[in-house]
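Hello,

Here is the structure I said I would pass on. Please open it first, then read my notes on the interface below.

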Number of protein chains: 2
Amino acid sequence: MAKEGVEKAEETEHMIEKDGGKDQESVLTAGDTKEMRAVVLAGFGGLNKLRVTKKAMPEPLEGEVKIRVKACGLNFLDLMVRQGNIDNPPKTPLVPGFECSGIVEALGENTKGFEIGDRVMAFVNYNAWAEVVCTPLEFVYKIPDGMTFPEAAAFSMNFVAAYMMLFEVANLREGMSVLVHSAGGGMGQAVAQLCSTVPNVTVFGTASPFKHEAIKDSVTHLFDRNVDYVPEVKKISPEGVDIVLDCLCGENTGKGLGLLKPLGTYILYGSSNMVTGETKSFFSLAKSWWQVEKVNPIKLYDENKVIAGFSLLNLLFKQGRSSLVKIVVDKLISLYNARKIKPLVDSLWALEEVKEAMQRIHDRGNIGKLILDVEKSPTPLMANDSTETSEAGEEEEEEEDHEGDTDKERMPFIQ
Amino acid sequence: MAKEGVEKAEETEHMIEKDGGKDQESVLTAGDTKEMRAVVLAGFGGLNKLRVTKKAMPEPLEGEVKIRVKACGLNFLDLMVRQGNIDNPPKTPLVPGFECSGIVEALGENTKGFEIGDRVMAFVNYNAWAEVVCTPLEFVYKIPDGMTFPEAAAFSMNFVAAYMMLFEVANLREGMSVLVHSAGGGMGQAVAQLCSTVPNVTVFGTASPFKHEAIKDSVTHLFDRNVDYVPEVKKISPEGVDIVLDCLCGENTGKGLGLLKPLGTYILYGSSNMVTGETKSFFSLAKSWWQVEKVNPIKLYDENKVIAGFSLLNLLFKQGRSSLVKIVVDKLISLYNARKIKPLVDSLWALEEVKEAMQRIHDRGNIGKLILDVEKSPTPLMANDSTETSEAGEEEEEEEDHEGDTDKERMPFIQ
């Protein structure tokens, strides 16, 4: 990864005031070309740890592509990173963000396959939420002509993960059924769309009731996320479902496994509940890890069941499977070009509006993906509309109190 | 299942003496048509619990097919049944055996799709090792013209299980790698042959050294089953393998999981080690169940791994998936007709030779499948050649001493 000089960067913090966004925007973009704007997480915690800061312009190392970023994807995972609630968290300050789209601005030595000016989307191992990023070419993909930059930023993480879970891990085929939580989110919509590419697949989804009208065409059976979906699913399909996609949260692991048909596959793919208001402190977050019960293989044998874990970022950045992901991206682009799938963008936010965007995903207000639009100016109206209280209030204080405890509590069982 | 009157059957036990097989055979086959010969397990334990007995002729209930049996498959599972080392063991006396081939002799009411005289193979929920069996038509399949009865009896269990594990559970595709234990056995050979139907699949197999020459063409890399295969596999494929097929035995669970590539699948499919001389008593068998460690789903998430259990008999007889199995049998018959696969029969044994046959599978002497040939007369030479001592000797006594303890020890963790 490029030396971005996080520590050396001038820490001129441009905290966005609700009524001051526009002025600061102009100040920031007037800087010389050796600097760029980026969202910086000063330390793990609440929304107040996020700033937009000038940082040194990164330059591509050998094999890297330098991208002038147009749009970045915002995921639940970014909220977990903000809280430090991930395995082996990196040091702060850091620039969050794992995916972006933009235009190739420069190439490092021995970097073949791209030309300056190419429209691309990319995975980045942090540092995506900035005006410019550098990332190894194995994580960069050309985007098709018809795809906008926000669509491309909404595409890579969710569709690649959904595709790999459904088709590489679980072997989705005609006539099967799938249960997905947060069906209205970026991942849920990617899952629903990919299911629709296979004949006669039944999708069971949970979502907040206010989203049901908007997403009802993409999901066969929608349940209120606040009610117990198990009896609802069993009413429709007494035998259960073939594939359960579950974000990592203790409460649902046993329920989801219990809902599987014989030969069914249960996939843990990451956490959303753990960053919501349901968990009031780091201490209770630690407890929710405990609730992911260990699985007895003898029981899997007896019941003919499959349990899998899926982490796209680990696959890319720890396990060196970028060539496999490249094949999947190519397949997905074919599906996009054939108009079988299309990323659903919920809303666009300026870098300076990252807090409001995070609050929206935290509050499960989004239908589809939240995008940071790097060229967008903060919208005072949107900023005034913020519901920042619930997350940045007392809860956050409590989190910080327990920060020390948490590491001790959590580490032993995440190995 | 048909009322076979196990308890009511005349318990005229025709124990086969090593030099008296032929005479008894003639006595038995001279019985009237209301009786048939069957292998009966009088109680759980060693080889001396097995007898060939006259039993009441079964008649088909509604939906059942009555089959004049020609050949039966003998599996490791039958040794476990003999020892009572299975979940919820049935009551003894019982007739063992889960698969056979033969000719349709009669049909129950409302039994469509077969005609008297059809050559068939079938799954049976016990009772296969007899001259006549009745089983629901959903478990009966016509066999292709070119397939012999012994081949058909060697076909259903191993090839269906191997196919479903490789293609339904694990999604075997071009270029992948598979590790299978007991590569020289009926299951191992089925796995190897099915892997050869997919381009560029690497098969790692373990087997006793004396089998290597015979099976070397079916397996890419063969290892001595007595040496640690992990470093051997890693020497050839440092990243590990895509699919590990493992019989249920504590020692190998962690090893097998550790050998998986990211996105790899580990499948527990049943037990072989648990019925061998490696476990000297029921008490130590119980301990081997303990060694199947529980799996932390967070670890699966972190490592992008899949763990599955597969039990064909549960799928058929507990979970009602016969229609799925039927589809698989049809695919396998197509592969057989295209000469892509062919069951490998190790040897044929008379019903009266079941002890010798079991001893051979216990001693891992077989290359391919052991078949009970119902029309075969016991071969005095083979009977004299028996190596019955190791299993029917002291070890067996010890087993019986611990029988009571075992149930208590074992039941809590097989649920």
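Ala308(A) stands opposite Val306(B), a residue of β13(B). Those two belong to a strand pairing across the chains. β13(A) and β13(B), residues 306-309 of chain B, run antiparallel and share 3 bridges. Keep in mind that this is a predicted model.

Now the interface as a whole. On chain A, 45 residues are in contact with chain B, and 45 residues of chain B meet them. The two chains bury about 3900 Å² between them. Of that area, 56% lies on carbon and sulfur atoms. Which three residues of chain A supply more of its buried area than any other three? They are Leu263(A), Ile298(A) and Tyr301(A), with 18% of what chain A buries against chain B.

The rule finds 6 salt bridges across the interface. One of them joins the side chains of Asp302(A) and Lys318(B), at 3.7 Å from N to O.

Where does chain A's side come from? Five elements of chain A each give at least two residues: α3 (149-169), β12 (260-268), α9 (297-303), β13 (306-309) and α10 (312-318). α9(A) has the largest share, 7 residues. By type, the side of chain A that touches chain B has 23 nonpolar, 9 polar and 13 charged residues.

Best wishes

Conventions
Residues are numbered from 1 along each chain as its sequence is written. Chains are lettered from A and ligands numbered from 1 in the order in which they are written. This is a predicted model: local features need pLDDT of at least 70, side-chain atom pairs count only at pLDDT 80 or more; totals for chains, interfaces and linings use all residues. Side-chain values use heavy atoms; hydrogens and water are left out. Contact means heavy atoms within 4.5 Å. Buried area is the accessible area (1.4 Å probe) that two parts lose on being put together, summed over both. A salt bridge is a side-chain nitrogen of Lys or Arg within 4 Å of a carboxyl oxygen of Asp or Glu. Helices (H or I, at least four residues) and strands (E, at least two) are DSSP runs, numbered from the N terminus. Ala, Val, Leu, Ile, Met, Phe, Trp, Tyr, Cys and Pro count as nonpolar, Asp, Glu, Lys and Arg as charged, and the others, Gly among them, as polar. Two strands pair if DSSP finds at least two bridges between them.
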